[in-house]
Amino acid sequence: QVQLVESGGGLVQAGGSLRLSCAASGAIFRPNTMGWYRQAPGKQRELVASITTGGNTNYADAVKDRFTVSRDNAKNTVSLQMNSLKPEDTAVYYCKYSRTSYPYAEVWGQGTLVTVSS
């Protein structure tokens, strides 16, 4: 089993920055993809950014040029540096681990709240 523990959420003013971190433990297999998703009130959960074991990244258009995802494969951690935050970035942010070889598996973190005030 894989466990994910997120940290770093909080309240920030528009234009500010926050850094989210997610630590994975347990049966971590490679290759894998780790990423961040978010869910705002009344909306569906959406991809924010993801990064593969090899370092390939994928970003939602809404966060390109503002957010940066990174990972440390040795420590099994993934981080999300969020700059120039906007009120519309307010959401619960979830870390996700996806095993990308058979048998495929997905694990979600418990979520961390990010609130951006205007």
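In this predicted model, the side chains of Asp-89 and Arg-66 are joined by a polar contact of 2.8 Å, a polar contact being a pair of N or O atoms within 3.5 Å, of which, within protein, one must be able to donate a hydrogen and the other to accept it, with residues adjacent in sequence counted only if both atoms are side-chain atoms. Asp-89 lies in the loop between β8 and β9 (strands are DSSP runs of E of at least two residues, numbered from the N terminus) and is buried, with a relative accessible area of 0%, where buried means under 20% for a 1.4 Å probe and protein chains only. Residues up to four places away in sequence aside, Asp-89 touches Arg-38, Arg-66, Phe-67, Ser-84, Val-114 and Val-116, with contact taken as heavy atoms within 4.5 Å.

β8 also belongs to an open sheet of 4 strands in the order β1-β3-β8-β7, with antiparallel pairing, two strands being paired if DSSP finds at least two bridges between them. β1 and β7 stand at the edges with a single partner strand each, so one side of each has no neighbour in the sheet. β3 and β8 are joined by 6 bridges, and Ala-23 stands opposite Thr-77 in β8.

Among the 28 residues of the largest nonpolar core, Leu-4, Trp-36, Leu-80, Met-82 and Tyr-93 touch the most other members; such a core is a set of buried Ala, Val, Leu, Ile, Met, Phe, Trp, Tyr and Cys residues joined through side-chain atoms within 4.5 Å.

Residues are numbered from 1 along each chain as its sequence is written. Local features need pLDDT of at least 70 and side-chain atom pairs pLDDT 80 or more, whereas totals for chains, interfaces and linings use all residues, and side-chain values use heavy atoms, leaving out hydrogens and water.

Conventions. Buried < 20%, exposed > 50% of the residue type's maximum accessible area, 1.4 Å probe, protein only.
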